Amino acid sequence: GARWTVLFDGAMSNARFYGGGAFAGEWPYGYNSFYFDVTEFVKAGSNAIRVELENLPGSSRWYPGAGLYRNVHLIQTSETRVPVWGTQITTPEVSPEKALVSVRTEVDGPLAGVTVRTEIVRDGQVVAQSAETPAAARLEQLLDIGHPALWSPETPNLYKAVIILRKDQQEVDRYETVFGIRSISVTAGAGFQLNGQRRQIKGVCLHHDLGPLGSAVNESAIRRQLSILKDMGCDAIRTSHNMPAPELVKLCNE
């Protein structure tokens, strides 16, 4: 009754994926995350998966790294689940007094008897919650948060949306997404505004490799890199020229 997914944060490059000796899929691009549902290949006992990678010469004019240079995750869920990247969170209304948080959740699998409960958590306390019965595979829940702690580079306040799926009163899946509450606008007169305040973006272009450490993801090294940049006055990152490791996004949020 379980579902199994293998999630790659990045594999350089031209990945061909095999499960139980059978070809299960491919992903040519080396920089972004991708996943395969391997449920049909899983059997009782020992299981083997194989990834073949071919990093062709001359494919980049910068150092791309090679192989499984980012993390790989094995995810076990029930038949009814929130799939990989199955949530989308936006903050359509933000003020110092109140924020409206939109949580869109995708539910994969049979919906009969399913309830979707969403809790917004900060510092271990539930600050808003909603429970609904989904009529379709996609559900939007709107939650009000009073006096929100707004996110900015100087005050990186974060909330966590915890989506709990129950089927016939039993919890079958739990999916967590970290986010910040902030408003962004760009106008001809005021330029870029964060939380209603004009802000000059002082950013840098940052390749995904870590200098002499190479391209293998290293959260401590990324944290050191970002701390040095922030001390210099940097408040924005352009990830040249490709999608970064999820660890970079996580640390920028923090």
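**View 1. An open three-stranded sheet with the order 4-1-6.** Welcome to the opening view, where the pairing is antiparallel; strands are DSSP runs of E with at least two residues, numbered from the N terminus, and two of them pair if DSSP finds at least two bridges between them. At the edges lie strand 4 (34-37) and strand 6 (72-77), each pairing on one side only. Neighbouring strands here are turned against each other by 20° on average, direction ignored (axes are lines fitted to C-alpha atoms, and angles run from 0 to 180 degrees between N-to-C directions).

**View 2. Strand 1 beside strand 6.** Here we look at residues 3-8, which form strand 1 and pair with strand 6 in the antiparallel sense over six bridges. A handy landmark is Trp-4, which stands opposite Gln-76 of strand 6.

**View 3. An open three-stranded sheet with the order 7-8-11.** The pairing in this sheet is antiparallel. Strand 7 (87-94) and strand 11 (138-146) are the edge strands, and each pairs on one side only. From one strand to the next, the twist averages 20°.

**View 4. Strand 7 beside strand 8.** Strand 8 covers residues 98-106 and runs antiparallel to strand 7, with six bridges joining the two. To find your bearings, look for Glu-93, opposite Leu-100 in strand 8.

**Notes for all views.** Residues are numbered from 1 along each chain as its sequence is written, and side-chain values use heavy atoms, leaving out hydrogens and water. In this predicted model, local features need pLDDT of at least 70 and side-chain atom pairs count only at pLDDT 80 or more, while totals for chains, interfaces and linings use all residues.

Methods. Helix = DSSP H or I, 4+ residues; strand = E, 2+ residues; numbered from the N terminus.
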